[in-house]
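Work through the two exercises below. Try each task before reading its solution.

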Amino acid sequence: SLSELVQDALHAAQQHRLDGDFYSYYRELTRVAEWIAADDVKLLANLRARTQAVGYGGARPTEDELNGDQRAIERVIARWKEQG
């Protein structure tokens with residue numbers, strides 16, 4: 001189910017973050033957003049830009065950026081679950 005896919009992707013994202021693989025972390029967060037928040041253009045643009053900057057630009061996200069992006073995804077998931 002989509003709910004299981006979302007949870008699996010979040011778990012994978014967390015593991016990538018712990019491993020220091022921030023490109024994969026952002027790829028997973030972006031995938032979740034694409035699945036359940038495709039209409040949130042601002043969130044998707046932000047995550048895609050961060051994925052590009054980390055993966056291809058060599059940027060190192062700050063802890064604040066990592067935490068903020070994770071909280072944004074958690075809020076999207078909470079709204080998605082409420083909508084059923």
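The model is predicted: local features need pLDDT of at least 70, side-chain atom pairs count only at pLDDT 80 or more, and totals for chains, interfaces and linings use all residues. Residues are numbered from 1 along each chain as its sequence is written, and side-chain values use heavy atoms, without hydrogens and water.

**Exercise 1.** Describe how helices α1 and α2 pack.

Step 1. Take the geometry. Helix α1 (residues 2–19) and helix α2 (residues 22–36) pack at about 160 degrees, with axes 8 Å apart.

Step 2. Classify the angle. That makes α1 roughly antiparallel to α2 (angles over 145 degrees).

Step 3. List the contact (heavy atoms within 4.5 Å). Helix α1 contributes residues including L2, L5, V6 and R17. Among those of α2 are F22, Y25, L29 and W35.

Step 4. Sort by class. The contact of α1 with α2 has 13 nonpolar, 3 polar and 2 charged residues.

**Exercise 2.** Characterise the aromatic pairs (ring centres within 6.5 Å).

Step 1. Count them. The whole structure has 2 aromatic pairs.

Step 2. Take Y23 and Y56. Their centres are 5.9 Å apart, with 75 degrees between the planes, so this pair is edge-to-face (planes over 60 degrees apart).

Step 3. Locate the partners. Y23 lies in helix α2 and Y56 in the loop between α3 (41–55) and α4 (63–83), so the pair ties together parts 33 residues apart in sequence.

Step 4. Take Y25 and Y26. Their ring centres lie 5.1 Å apart and their planes at 80 degrees, so this pair is edge-to-face too.

Step 5. Check burial (buried is under 20% relative accessible area, exposed over 50%, partly exposed in between; 1.4 Å probe, protein chains only). Y23 is partly exposed at 25%, and Y56 is exposed at 61%. Y25 is buried at 0%. Y26 is buried, also at 0%.

Terms used: Axes are lines fitted to C-alpha atoms, for helices over the stretch in contact, and angles run from 0 to 180 degrees between N-to-C directions. Helices (H or I, at least four residues) and strands (E, at least two) are DSSP runs, numbered from the N terminus. Angles under 35 degrees count as roughly parallel, over 145 as roughly antiparallel, 65 to 115 as roughly perpendicular and the rest as oblique. Ala, Val, Leu, Ile, Met, Phe, Trp, Tyr, Cys and Pro count as nonpolar, Asp, Glu, Lys and Arg as charged, and the others, Gly among them, as polar. Rings of Phe, Tyr and Trp (its six-membered ring) pair if their centres lie within 6.5 Å; planes under 30 degrees apart count as stacked, over 60 as edge-to-face and the rest as tilted.
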